[in-house]
Amino acid sequence: MQTIACGLLCSNAAALPAKTNGYIRVDCYGGLNQMRRDLCDGVGVARLLNATLVLPKFEVAAYWNESSGFTDVFDVDYFIQQLKGFIEVVKELPAEIASREPVRVDCSKRKGQFDYVETVLPSLLKHRYISITPAMSQRRDRFPLYGKAALCQACYSALRLTSALEKKSTELLEAIPKPFLALHLRFEPDMVAYSQCEYDGLSHSSMEAIDASRGERKPWTGETARVWRSRGKCPLTPNETAFILQSLSIPTNTHIYLAAGDGIMELEGLTSVYTNVVTKSSLLSGEDFKTMHGNTKAALDYYVSINSDAYVATYFGNMDKMVAAMRAYKGLYKTLFLSRKAFADFTSQGLKGKELMEALRKAHRDDYVMGRGSALPDCFCDFQL
């Protein structure tokens, strides 16, 4: 008997039907945690439609320095075993459909409620083998309990790293001085360009990198820029992050693991204040680490973050939601999301120095969230299958 965490009702879910309606492959895009989210949602969708899940496809993306797939990151046999009774997962397709590509069914974001039974099931029944990328606009709260149970089982219990990757993650975790704070800092050129925010005082090289990433996304100006920043839409700089950490009385000699890629700009704004900052690149130097790609490197950050003494995020993206939810599931509640909105509000009022620090301290006083975030909010009571 398996025990998982799910919400709403703690009762037995519907048994898995004897006959499948067809096969679904989940096509995952973006960074590792976006793909993890899509995969978990895809497991729920497969159960909702009584479909058999084909091992997911992680898209190759030069943008993410990525060529590693699902089997490079996660233990496939463990994934299949953990989902028994929730959905059926296969490594290979039946001979009659194995030679053809799945029919792509569009689940792109759209207005209103997206209903998989109405929209996707007819194609599944007709073609027997389809591929989807779950819609971000879906409403998980409309899933029946057995659909939520499958989704939660996938996210919290079924995704274990490969033995080689878990060994490397453990090596990294052991190398970090204890206790330590994991900091997920987002201030890459593409991130700033996407935000359409402008900053004063950045270096010439940072400004050039941001301009090169902007494309058609020109920065907001005038009153629009002010309103945009006041809504907390602008990423915190490393210098602003260090200032907020100091306002929270986090000692400047705190050991900090920087859970981020290699493209963070203005990093000296943090490291000049917090001098005990380490990264995976500074702690791992073996040839096996040098050959890692985006997904496997992101898996290291995820592993360290969910096992850190405290986790602080300057954003609320896919990684932050997944890490926060997993930390809550594991009973690790020292999780904090820094408030970009509070920082923007107080600085726009002209607050500086000690006055600004005190205002930020008060703004974050009640924000040590339980970690549930908005990743999988219905996954927090015992449910037996």
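Rings of Phe, Tyr and Trp (for Trp, its six-membered ring) are paired here if their centres lie within 6.5 Å; planes under 30 degrees apart count as stacked, over 60 as edge-to-face and the rest as tilted. The model is predicted, so local features need pLDDT of at least 70 and side-chain atom pairs count only at pLDDT 80 or more, while totals for chains, interfaces and linings use all residues. Residues are numbered from 1 along each chain as its sequence is written, and side-chain values use heavy atoms, with hydrogens and water left out.

**Exercise 1. Aromatic pairs**

Task: State which residues form one aromatic cluster, and classify the pair of Phe58 and Phe74.

Solution. 
Step 1. The cluster consists of Phe58, Phe70, Phe74 and Phe79. The search of the whole structure finds eight aromatic pairs.
Step 2. The ring centres of Phe58 and Phe74 are 6.5 Å apart and their planes stand at 85°, so this pair is edge-to-face.
Step 3. Phe58 belongs to strand S3 (residues 52-58), whereas Phe74 is in the loop between helix H2 (70-73) and helix H3 (76-82), so the pair ties together parts that are 16 residues apart in sequence. Helices (H or I, at least four residues) and strands (E, at least two) are DSSP runs, numbered from the N terminus.
Step 4. Both Phe58 and Phe74 are buried; buried means under 20% relative accessible area, exposed over 50%, and partly exposed in between (1.4 Å probe, protein chains only).

**Exercise 2. A second pair**

Task: Determine how the rings of Phe187 and Tyr199 are arranged.

Solution. 
Step 1. With centres 5.2 Å apart and planes at 90°, the rings of Phe187 and Tyr199 form an edge-to-face pair.
Step 2. Phe187 is in the loop between strand S7 (180-184) and helix H9 (189-195), and Tyr199 is in the loop between H9 and helix H10 (204-214), so the pair ties together parts that are 12 residues apart in sequence.
Step 3. Phe187 counts as buried because its relative accessibility is 0%. Tyr199, at 11% relative accessibility, also counts as buried.

**Exercise 3. Helix packing**

Task: Describe the crossing of helices H8 and H16, including its handedness.

Solution. 
Step 1. The axes of H8 (residues 163-175) and H16 (residues 294-306) come within 9 Å and cross at roughly 50°. Axes are lines fitted to C-alpha atoms, for helices over the stretch in contact, and angles run from 0 to 180 degrees between N-to-C directions.
Step 2. H8 is therefore oblique to H16; angles under 35 degrees count as roughly parallel, over 145 as roughly antiparallel, 65 to 115 as roughly perpendicular and the rest as oblique.
Step 3. H8 contributes Leu165, Glu166, Lys168, Ser169, Thr170, Leu172 and Leu173 to the contact, and H16 contributes Thr296, Ala299, Leu300, Tyr303 and Val304. Contact means heavy atoms within 4.5 Å.

**Exercise 4. Backbone features**

Task: Locate the cis peptide bond and describe the positive phi of Asn50 and of Arg128.

Solution. 
Step 1. The bond from Lys178 to Pro179 is cis, with omega near -10°. Pro179 is in the loop between H8 and S7.
Step 2. Asn50, not a glycine, has a positive phi of about 55°. Asn50 is in the loop between helix H1 (32-48) and S3 and is buried, with a relative accessible area of 15%.
Step 3. Arg128, also not a glycine, has a positive phi of about 75°. Arg128 is in the loop between helix H6 (121-127) and strand S6 (129-132) and is partly exposed, at 33% relative accessible area.

Technical notes
Left-handed = near helix turned anticlockwise from the far one by under 90°.
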